Amino acid sequence: MEEAVKGVVPENEEYVINMGPQHPSTHGVLRLVVSLKGEIVQNVQPHIGYIHRGIEKMCENMTYPQIIHLTDRMDYLSAHINNEAVCLTVEKALGIEVSDRVKYIRTILSELTRIQSHQLFWATFGMDLGGLTCFFYGLRDREKVLDIFEETCGGRMIVSYNAPGGLMNDIHPNFQKRTKEFIKYFRKTIHEYDDLLTGNVIFQERTKGIGKVTREDAIDWGMTGPVGRASGFSCDIRKHNPYSAYDRVNFNEILYNEGDTFHRYKVRMDEMLESMNIIDQLIDNIPEGPWTEKMKPVIKLPEGEYFQSVETARGELGVYIVSDGNKYPYRVKFRSPNFVNLAPLNIMSKGSKIADLVAISGSLDLIIPDIDR
Amino acid sequence: MEKKQLAAVVASIAQDSVITEGLQFVEITVSPENLVKVVSALKFNRETALDLLVSLTGMDYGTDLGIVYHLRSTTFNHMLVVKTRVSDRENPGIDSLCSVYKSAEFHEREVFDLLGIKFNGHPDLRRLFLDSTWGFPLRKDYKDDINILGK
């Protein structure tokens with residue numbers, strides 16, 4: 001050890017530092033208690049609950065259309081897909097089959113949501129690793145998706161566009177035109193993302209081979225979404241249990257076997273292209289039909305238990321509703337992807353450098369309100 | 001695997017449990033003593049191969065407390081719902097599934113935090129979201145002075 005730092009950093013003993021709750025690279029209020037030996041990570045303990053709002057408890061005193069507005073606030077980057085999950089569960093319980101028009105529009109909006117979420121991931125992941133330019137490029141393109149949302153849904157991030165039985169409203173007349181314009185634009189610009197970051201030597205050095213997870217570990221820890229698929233765990237709900245219009249489109253499930261930080265990043269980059277393919281297949285064929293089914297003003301689910309999974313931008317979101325026949329649910333449980341994906345952070349980062357911990361937790365793409373709920 | 005077929009296979013593995021075909025999935029009710037034995041048998045059996053713990057939900061049924069496990073097979077893509085109940089509200093205890101599924105660790109901490117069910121054999125059972133002064137908010141008899149929605 002150098003003369004200058006002798007006695008300042010303990011050489012052979014572990015010491016503990018707090019990363020967060022106010023740390024720029026945790027994207028929210030996540031506190032990681034990291035124990036270190038030199039700069040090698042020995043143990044990571046996540047401490048969560050700083051923005052625990054008790055959404056599951058609140059749901060017990062709310063009607064089903066009201067619950068939808070709470071799900072926006074869980075994973076705010078997959079807001080539309082969260083709404084869809086609740087709507088699908090309620091529709092399944094009531095035995096309602098929504099029109100093809102609704103299915104198509106929901107699928108297109110879900111994929112646009114996935115694109116904007118991965119764009120923000122790319123932007124912030126680049127920033128975490130020291131490439132500030134990524135942030136501006138990512139947000140520049142994400143703005144265009146949010147403008148489409150604003151026109152059709154009224155909201156930009158918190159959309160609340162789904163309602164049990166259909167949609168809140170019909171799509172804006174410009175929706176198809178603007179979506180096609182965006183796809184055309186984004187196909188031309190997405191190579192900039194690769195030019196800026198993917199091919200960068202420093203970026204590759206910092207991500208390749210870091211934070212490896214095997215397929216067995218991914219299943220054992222229940223890691224889904226891009227995180228699981230980078231380890232070769234085929235877990236895409238859109239493929240295995242298709243909902244909405246996913247059974248009518250052709251798309252590939254992106255799978256890699258390496259399971260390191262770089263490939264978790266790569267899955268998301270490829271998924272953006274795949275999402276654009278899905279939108280291409282649907283956008284010109286939106287069938288005519290009602291944008292909502294006739295629903296009773298007060299929705300009461302028949303007594304029973306209902307479970308529905310959807311694929312958000314971060315993994316599998318499961319909605320489990322237990323109803324006792326009232327207008328309020330008896331119990332609602334959200335199996336949120338980030339909550340499950342956070343748990344294995346300890347085994348992923350053990351033995352790596354503390355700077356890599358930022359890269360690993362960045363590659364999990366954590367959204368803290370989704371963990372805390 | 002079809003629901004009927006799965007129910008038959010599950011019945012041969014877990015003999016002294018109640019098996020019903022629910023609306024969506026096959027459901028099996030296990031007593032807390034047999035839980036770990038039955039679930040690990042379901043996980044390692046070649047025909048069921050339920051190797052993914054999708055979700056773990058703590059329930060308050062009014063008189064009983066219980067846990068609902070949603071298990072999925074990554075090879076066959078079928079789901080099974082496992083349920084268990086304890087009637088002791090003062091000091092409820094259920095065996096931990098951490099030895100079978102590692103992902104149960106975080107889920108069980110959440111249930112312990114919000115419903116106060118203790119998991120025997122859990123490696124690190126601490127409260128997850130709330131501090132130790134709180135009650136157990138997801139219980140139906142929880143009195144909340146702050147939340148105006150409950151009134």
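View 1. Buried or exposed: which is D365(A)? Counting the C-beta atoms settles the matter: D365(A) is buried, because 27 other C-beta atoms lie within 10 Å. (Buried takes 20 or more other C-beta atoms within 10 Å of a residue's own, exposed 12 or fewer, and partly exposed is in between; C-beta atoms are placed from the backbone.) D365(A) sits in the loop between α14 (354-363) and α15 (368-372) of chain A. Its phi is near 55 degrees, which is positive even though the residue is not a glycine. This is a predicted model, so to speak of a local feature takes pLDDT of at least 70 and side-chain atom pairs need 80 or more, while totals for chains, interfaces and linings use all residues. Residues are numbered from 1 along each chain as its sequence is written, with chains lettered from A and ligands numbered from 1 in the order in which they are written.

**View 2. N77(B), a loop residue with positive phi.** Over in chain B, look for N77(B) in the loop between β4 and β5. Here phi is positive too, at about 65 degrees, and again the residue is not a glycine. N77(B) is exposed, because it has 12 other C-beta atoms within 10 Å.

**View 3. G225(A) and what touches it.** G225(A) belongs to the loop between α8 (215-220) and α9 (226-229) of chain A. It counts as buried because it has 28 C-beta neighbours inside 10 Å. Skip the neighbours within four places in sequence, and G225(A) is in contact with R314(A), G315(A), E316(A) and P337(A).

**View 4. Strand β7 of chain A and its two partners.** β7(A) (315-323) pairs with β6(A) in the antiparallel sense, over nine bridges. (Pairing takes at least two DSSP bridges.) The link between β6(A) and β7(A) is a hairpin of two residues, and T312(A) stands opposite G315(A) in β7(A). β7(A) also runs antiparallel to β8(A), to which five bridges join it. On that side, V319(A) stands opposite F334(A) in β8(A). Eight of the nine residues of β7(A) are buried, so the strand is largely enclosed by the rest of the structure.

**View 5. Where the two chains meet.** Chain A puts 25 residues into the contact, and chain B puts in 25 residues. On the side of chain A that touches chain B, α1 (55-59), α8, β6 (304-312), β7 (315-323), β8 (331-335) and α12 (337-342) each supply at least two residues. (Helices are DSSP runs of H or I with at least four residues, strands are runs of E with at least two, and both are numbered from the N terminus.)

**View 6. The buried face of helix α2 in chain B.** α2(B) covers residues 35-44, and its buried residues are L35(B), V38(B), V39(B) and L42(B). Down the helix axis they fall within an arc of 95 degrees, so they line one face of α2(B). (The arc is that of the directions from the axis to the C-beta atoms.) Covering these residues are elements of chain B that include α1 (3-13), β4 (65-72), β5 (79-86) and β6 (93-95).

View 7. The largest core has 88 residues, and the members that touch the most others are L53(B), L71(B), L80(B) and V82(B). Helix α3 (104-115) of chain B gives this core its largest share, six residues. A second, separate core has 49 residues, including L70(A), I237(A), I279(A) and V332(A). (A core is a set of buried Ala, Val, Leu, Ile, Met, Phe, Trp, Tyr and Cys joined through C-beta atoms within 7 Å.) Zoom in on V82(B): beyond its neighbours within four places in sequence, it is in contact with I28(B), V30(B), V39(B), Y69(B) and L71(B).

**View 8. Stepping back to each chain.** Chain A has 15 helices and eight strands, and its C-alpha atoms fill a box of roughly 75 × 50 × 35 Å along the principal axes. Of its 373 residues, 49% count as buried. Chain B has three helices and seven strands, in the order α-β-β-α-β-β-β-β-α-β. Its C-alpha trace spans about 50 × 30 × 25 Å along the principal axes, and 40% of its 151 residues count as buried. Take the contacts between residues at least 6 apart in sequence: in chain A, 70% of them join residues at least 24 apart, and in chain B the figure is 46%.

Note on methods: Contact = placed C-beta atoms within 7 Å.
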